[in-house]
Amino acid sequence: MERQHILHMFTPGRQMSPFDVNMAVDAGYQVVVPYTDVDARMIGPLTQDAIFSRGPKGVAHTGIFIGGRDVMLAVDMLRLSREAMVPPFEVSVFADPSGSFTTAAALVASVEWQLRSTFDTGLDGKRILVFGGTGPVGLIAGVLAAQAGARVALASSRGLDAAREACERASARFGAQLEGADARSADALDATLSSVDVVFATAAAGVEVMSAQQVNRAARLLVAADVNAVPPAGIAGVGVMDNGKRVGQHDALGIGALAIGNVKYEVQQRLFMQMLAAKEKVYLGFDDALDMARRVVTERSSLATA
């Protein structure tokens, strides 16, 4: 009898995300088991319970997913799970806390495409401001953009000190050079926006972080990308379905939440399917999510122009 595909889903939180459960089932996993309140010390024993119970052939039909909200902890858990493998007892592992790795990857890849296709340039050397930069999506998007050569500043509703602390943590863990930005006063934000090429809006849902007047005053702005699908928009004038629509008096390109979300959805689904199909076990983090997002965006754009 063909063995069923089992996915063990670990989260430090009190519940596993229903979104992630749905995505795993739709990708082809037949048995999906959530484990809640999982801390880093439990990852090794849980991983080894999963790999030894099905034998060398059964592990080919077994996977592990790591959720939660803490991106640093998720990266640690991914590493600890990998370290707990005992060849030939190895399974694939995919980390995507709060969907932040796949959402951040979709955001960065979508912005890269617009820069390249419209302005014949990339992220290298661009100045990027990330609203909500201390949250999971904003932090990882900032790291990915910095790794692509951008000069990234994180802004937080909790203030400049919180933003700088997040930058220090990201630099220590990922080697990404980030800086904090003061966005709590209108004057400080205007000063920052005057030299910004790209804006990532990753703040809380339903919160406007950039008004129409501020969009108009951002004379250098090339791309404004917003992951907030709950009214009001995070960036005034950017609709949820916009994907390169002009916004503001300087004709920046707007990318909306559902345009980014459609890429994120496909990236997450493909990564789950990659785990199912892999002959050699894979360990998937935010770098892998960005590689997949770039592929998805390129394919979608090719189809749109065919």
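## Pocket lining and a helix pair

In this predicted model, helix H10 gives the most to the lining of the largest pocket, contributing five residues. The space in the largest pocket comes to about 790 Å³, and of the 35 residues that line the largest pocket, Val137, Thr202, Ala203, Ala204 and Val227 are the closest to its centre. Two or more lining residues come from each of the elements H1, H5, H6 and H10, whose residue ranges are tabulated here.

| Element giving two or more residues to the lining | Residue range |
|---|---|
| Helix H1 | residues 18-27 |
| Helix H5 | residues 100-119 |
| Helix H6 | residues 136-147 |
| Helix H10 | residues 257-277 |

By class, the lining of the largest pocket divides into 16 nonpolar, 13 polar and six charged residues.

The second topic is a pair of packed helices. Helix H4, which covers residues 71-83, packs with helix H7, which covers residues 160-174, at an angle of about 15 degrees and with the two axes 11 Å apart. Because angles under 35 degrees count as roughly parallel, H4 and H7 are therefore roughly parallel to each other, and the crossing of H4 and H7 is left-handed. On the H4 side the contact is made by Met72, Val75 and Asp76, while on the H7 side it is made by Arg169, Ala170, Arg173 and Phe174. By class, the contact of H4 with H7 has four nonpolar and three charged residues, with no polar residue.

Terms used
Residues numbered from 1 in each chain as written. Predicted model: local features only at pLDDT ≥ 70, side-chain atom pairs only at ≥ 80, totals over all residues. Heavy atoms only, no water. 1 Å grid on protein atoms, 1.4 Å probe; cavity = no way out; pocket = protein on both sides within 12 Å on 5 of 7 lines; lining within 4 Å. Points joined across faces, edges and corners; volume = space filled by probe spheres on them. Helix = DSSP H or I, 4+ residues; strand = E, 2+ residues; numbered from the N terminus. Nonpolar A, V, L, I, M, F, W, Y, C, P; charged D, E, K, R; others polar. Axes fitted to C-alpha atoms, helices over the stretch in contact; angles between N-to-C directions. Parallel < 35°, antiparallel > 145°, perpendicular 65-115°, else oblique. Left-handed = near helix turned anticlockwise from the far one by under 90°. Contact = heavy atoms within 4.5 Å.
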